[in-house]
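Subject: Handing over the structure

Dear colleague,

Here is the structure that I promised to pass on to you. Please have the sequence and the 3D view open side by side while you read the notes below.

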Amino acid sequence: MLFYEDKNVTESLQEQFALYADRFPVWAQQTSAMHQYAMWTELRTLNVGANLQHYNPLVDEDAAKAYAIPDSWELVAQMPFGNIVAPAGEKTYQPVSERMKVLGL
Ligand SMILES: Cc1cc2nc3c(=O)[nH]c(=O)nc-3n(C[C@H](O)[C@H](O)[C@H](O)COP(=O)(O)O)c2cc1C
C-alpha cells in the first residue's frame, strides 16, 4: 500500500491561508501518518500483518510509472501487508506509562 500526498492541495491551502503557510506541509505529513496508522490497525483487525517502509526517493519513479501517479503526488510511505508469518517481537523499550504524561487528573 502506497501513501501519497498531493502537493497541489498543500500549496493551494498555503495560498489560501497565508498565516499558516509554513504549517501545511507539516500537517500534510501528519494527515498521512494518521491514515497510515488507521490502515495498519484496520489491517490488524482483519488478521493481516503489515509494516512501514520509507524507500523513497529510491522507488518514487518506478512506482509513479507503474501506477500512473500524477507528478504532483509525493510518495510518503510504503506499507507492505500480507499473511502474518511470525508474531511481533517482544518490546524492550520504556513502557508507554513512563513515556506519556497525562496532565490534569
Ligand atoms: C513511523 C514508522 C516508520 C517506520 N519506517 C520504517 C522504515 O523506513 N524501514 C523499516 O525497515 N522499518 C520501518 N518501521 C518499522 C517497521 O514498520 C516495523 O516492522 C514495525 O514498526 C513493527 O515493529 P514494531 O512492532 O517493533 O514497531 C517504521 C515504523 C514506524 C512506526
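The notes below go from the whole chain to single residues.

Please keep in mind that this is a predicted model, in which local features need pLDDT of at least 70 and side-chain atom pairs count only at pLDDT 80 or more, while totals for chains, interfaces and linings use all residues. Residues are numbered from 1 along each chain as its sequence is written, and side-chain values use heavy atoms, with hydrogens and water left out.

**The chain as a whole**

The secondary structure consists of four helices and four strands, where helices (H or I, at least four residues) and strands (E, at least two) are DSSP runs numbered from the N terminus.

Along the principal axes, the C-alpha trace spans about 45 × 45 × 25 Å.

Of the 105 residues, 17% count as buried, a word that means under 20% relative accessible area, with exposed meaning over 50% and partly exposed lying in between (1.4 Å probe, protein chains only). The chain exposes about 8500 Å², and carbon and sulfur atoms supply 58% of that area; accessible areas come from the Shrake-Rupley method with a 1.4 Å probe, and for residues only the protein chains shown count as cover.

Among the contacts with a separation of 6 or more, 73% are between residues 24 or more positions apart, a contact being heavy atoms within 4.5 Å. The chain also carries 7 positive and 13 negative side chains, and the centres of these two sets lie 11 Å apart. In this count Lys and Arg are positive and Asp and Glu negative, while His and the chain ends are not counted, and the place of a charge is taken as NZ of Lys, CZ of Arg, CG of Asp or CD of Glu.

**Aromatic pairs**

A search of the whole structure finds four aromatic pairs. Rings of Phe, Tyr and Trp (its six-membered ring) pair if their centres lie within 6.5 Å, and planes under 30 degrees apart count as stacked, over 60 as edge-to-face and the rest as tilted.

One of the pairs is formed by Y4 and W73, and it is tilted, with 5.7 Å centre to centre and 50° between the planes. Because Y4 lies in strand β1 (residues 2-6) and W73 in strand β3 (residues 73-78), this pair ties together parts that are 69 residues apart in sequence. Y4 is buried, at a relative accessible area of 18%, whereas W73 is partly exposed at 38%.

Another pair, F24 and W27, is edge-to-face, with 5.2 Å centre to centre and 90° between the planes. Both residues lie in helix α2 (residues 24-45), where they are three residues apart, about one turn of the helix. F24 is buried, with a relative accessible area of 12%, while W27 is partly exposed at 34%. Ring pairs also link F17, Y20, F24 and W27 into a cluster.

**A residue in helix α2**

Which residues does Q36 touch, not counting those up to four places away in sequence? Q36, which is found in helix α2 and is buried at a relative accessible area of 8%, touches F3, L52, V76, A77 and M79.

**Points in the loops**

A cis peptide bond, with omega about 10°, joins N56 and P57, and P57 is located in the loop between β2 (49-50) and α3 (60-67).

N47 is not a glycine, yet it has a positive phi of about 65°; N47 sits in the loop between α2 and β2 and is exposed, with a relative accessible area of 54%. A68, which is not a glycine either, has a positive phi of about 50°, and A68 is placed in the loop between α3 and β3, where it counts as exposed at 67% relative accessibility.

Lastly, P87 is in the loop between β4 (81-82) and α4 (96-99) and counts as exposed at 73% relative accessibility. P87 and Y55 are 32 residues apart in sequence, and their C-alpha atoms are 24 Å apart in space.
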